[in-house]
Amino acid sequence: MNLEIKNVSKSYGDKLVIDDINLTLGPGLYGLLGANGAGKSTLMEMICNVSRTSKGEITYNEKNIVNNKEFLDDLAYLPQDFSYYPEFTVIDFMLYMATLNGMNKKIAKNKTFEVLDKVGLNRNLSKKKIKTLSGGMKQRLGIAQAILDDPKVLIIDEPTVGLDPKERVRFRNMISEIAEDNIVLLSTHIVSDVEYIADEIIILKNGQIKNIGTAQELLSEIEGLVWEVNVSARDVKDYRKEYTVINQRHDTGGVLLRIISETRPAGDAVRADATLEDLYLRYFQEEV
Ligand SMILES: Nc1ncnc2c1ncn2[C@@H]1O[C@H](COP(=O)(O)OP(=O)(O)OP(=O)(O)O)[C@@H](O)[C@H]1O
């Protein structure tokens with residue numbers, strides 16, 4: 001099973017939004033990490049047949065995905081602005097989605113309860129109207145409908161927006177399990193969504209892949225380049241001018257700066273362990 005993105009570009013008018021992307025995805029979890037406007041949704045929409053590539057092609061098991069029945073049967077897509085039917089009850093909504101998926105009624109009912117359990121929506125909620133659910137519950141319902149028909153390719157656009165920390169952890173565990181045998185592509189601008197569970201992290205900026213690899217591989221890029229130094233408040237501006245300052249916080253007697261630099265930024269600067277958050281901020285600092 002493989003999904004290949006070959007020299008894909010996408011323009012809206014004369015604006016190039018995706019710029020010659022190449023990717024090969026097999027079973028596993030891929031985290032598409034990028035700031036707002038990086039092109040994540042645009043790339044996902046092309047993969048999901050919602051929009052067409054301007055150049056290049058996307059193939060699934062060596063066949064172009066456009067109107068490809070095998071692919072569309074295997075695909076589930078949870079877009080960022082997934083809309084619900086507020087007056088539907090949870091169970092009716094799930095059964096409706098199952099019908100759209102062409103699932104057998106009896107199988108659909110059993111499967112519905114199975115996936116609702118999986119996403120942690122307890123059975124008592126199944127008779128509730130969707131409009132009465134909290135944001136986090138609606139999000140889980142979106143995920144439940146996406147995994148209802150055991151998709152082999154699951155594309156999820158910014159799934160953890162609106163989830164509290166506990167729900168995020170639950171979501172990560174669930175997705176990680178699904179990705180054992182299936183292709184899961186998940187977009188986010190939240191590093192911790194993908195830091196520990198993604199097999200590969202793809203850093204997308206201005207429509208281009210800037211880096212791709214395991215968290216460990218990506219981190220090696222800045223290993224040894226992260227420093228912490230305590231400076232006086234009046235010197236902060238100068239450090240900001242000269243260095244990539246990725247964090248600052250008030251500390252006893254001054255300001256603690258976290259800096260990425262090839263060279264030691266000050267005599268008393270100490271090396272710090274690099275995190276993926278540092279790497280993200282290095283790429284996207286100007287956008288956050
Ligand atoms: N239909 C459209 N017409 C014109 N420009 C568009 C269209 N859709 C997206 N864009 C532009 O393409 C760029 C990438 O947008 P996209 O939504 O793919 O980014 P993103 O990484 O998903 O960001 P976000 O996290 O904010 O959704 C943005 O500059 C956006 O304004």
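Predicted model: local features only at pLDDT ≥ 70, side-chain atom pairs only at ≥ 80, totals over all residues.
1. Ligand shell. Twelve positions need checking by eye here: the ligand is surrounded by Tyr-12, Val-17, Gly-34, Asn-36, Gly-37, Ala-38, Gly-39, Lys-40, Ser-41, Thr-42, Gln-80 and His-189. Helix 1, residues 40-47, supplies the largest share of this shell, with three residues.

2. Sorted by class, the residues around the ligand are eight polar, three nonpolar and one charged.

3. Domains. The domain assignment divides the protein chain into domain 1, covering 3-214, and domain 2, covering 221-287. Taken over C-alpha atoms, the centres of domain 1 and domain 2 are 35 Å apart.

4. Domain contact. Eight residues of domain 1 and six residues of domain 2 take part in the contact. On the side of domain 1 that touches domain 2, four residues are nonpolar, three are charged and one is polar.

5. Strands in the order 12-13-11-14 form an open sheet with antiparallel pairing. Strand 12 (244-251) and strand 14 (270-271) are the edge strands, and each pairs on one side only.

6. Strands 12 and 13. Seven bridges join strand 12 to strand 13 (residues 254-260) in the antiparallel sense. Asp-251 stands opposite Gly-254 of strand 13. In general, strands of a sheet pair through backbone hydrogen bonds, either parallel or antiparallel.

7. Helix over the sheet. Helix 10, residues 276-284, lies across strand 11 (226-231), strand 12 and strand 13. Helix 10 runs at about 120° to strand 12.

Terms used: Residues numbered from 1 in each chain as written. Near = placed C-beta within 6 Å. Helix = DSSP H or I, 4+ residues; strand = E, 2+ residues; numbered from the N terminus. Nonpolar A, V, L, I, M, F, W, Y, C, P; charged D, E, K, R; others polar. Domains from an automatic or database assignment. Contact = placed C-beta atoms within 7 Å. Pairing = 2+ DSSP bridges. Axes fitted to C-alpha atoms, helices over the stretch in contact; angles between N-to-C directions.
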